[in-house]
Amino acid sequence: MENRIIMFHHCEKDIYCFYVPEQCPICGQSLIGRRLEDAPVSIPNSFVDGHHEKCSFLIKPTKGSFLREYDGRSDLHVGISNTSGVVYNYIETGVQRDDRGWEECVCVPLVQPDMYSLINQWDVYLEQFSTADIWLPNRYNEYEYNCYSYALTFINRVLVAQSKRQLSTTEFTERYVVPRTKRASRYITLYRELCRSYFYIADGFQTEEVSSQV
Ligand SMILES: [Zn+2]
């Protein structure tokens, strides 16, 4: 498991670290007995183990991991998890059903925990969708029939089945994916800074609202 990032305020700054020091790294004052509002808080990890997230849209780098290797430009790969954490994803050789390899993902939950009937049908629905001719290996092409169109087509089928409006690629990306990948990239920056030095000092780390689910 990765280190947890912790943040506390002192000297009117936000100070990030993996371990809270005894003294403020700026002024050297003891941090023991500080006011409650200055108490350290842990920064939520932007990444989750995709195999523990059921019925979700998952994003990971095509190669390597977000925290260690991702450079902000390399290719991303996406998939949809079933109710037991198997990640369905479409690649050149057809639909893959991965039970490992998605341990560090950005996650967009697709159902609420109380949507019982949808959850009950999810696996059958995902399996049927994935065996359709449209996702045969020979149809794969980087621009039209790829991992993203596979996942988004599935999401839209689910929305239609619930009599909800479908989402365009742009809409889905801007509303659900971009806020999370932005937050993830800030987390990566912080994490890597902290692997290099004990502290990262900032004037204030903005937290954005992220829509909870589709
Ligand atoms: Zn201080």
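Tutor: Residues are numbered from 1 along each chain as its sequence is written. In this predicted model, local features need pLDDT of at least 70 and side-chain atom pairs pLDDT 80 or more, while totals for chains, interfaces and linings use all residues, and side-chain values use heavy atoms, without hydrogens and water.

Student: Which residues coordinate the zinc ion?

Tutor: Donors are N, O and S atoms within 2.8 Å of the metal (3.2 Å for Na, K and Ca); water is not among the atoms, so sites may look incomplete. Here the donors lie at 1.9 to 2.4 Å. They belong to His 10 (ND1), Cys 11 (SG), Cys 24 (SG) and Cys 27 (SG).

Student: What arrangement do the 4 donor atoms make?

Tutor: Good one! Four donors count as tetrahedral if all angles lie between 85 and 135 degrees. Around the zinc ion the angles are 100 to 124°, so the arrangement is tetrahedral.

Student: Is His 10 buried or exposed?

Tutor: Buried means under 20% relative accessible area, exposed over 50%, and partly exposed in between (1.4 Å probe, protein chains only). Cys 27, at 37%, is therefore partly exposed. His 10 has 15% relative accessibility, so His 10 is buried.

Student: How many charged residues are in the contact of H2 with H3?

Tutor: Contact means heavy atoms within 4.5 Å, and H2 brings Tyr 148, Leu 152 and Ile 155 to it, while H3 brings Thr 169, Phe 172, Thr 173 and Val 177. Asp, Glu, Lys and Arg count as charged, Ala, Val, Leu, Ile, Met, Phe, Trp, Tyr, Cys and Pro as nonpolar, and the others, Gly among them, as polar. The contact has 5 nonpolar residues, 2 polar and no charged.

Definitions and conventions:
Tetrahedral: all angles 85-135°; square planar, octahedral: opposite > 155°, others 65-115°. Helix = DSSP H or I, 4+ residues; strand = E, 2+ residues; numbered from the N terminus.
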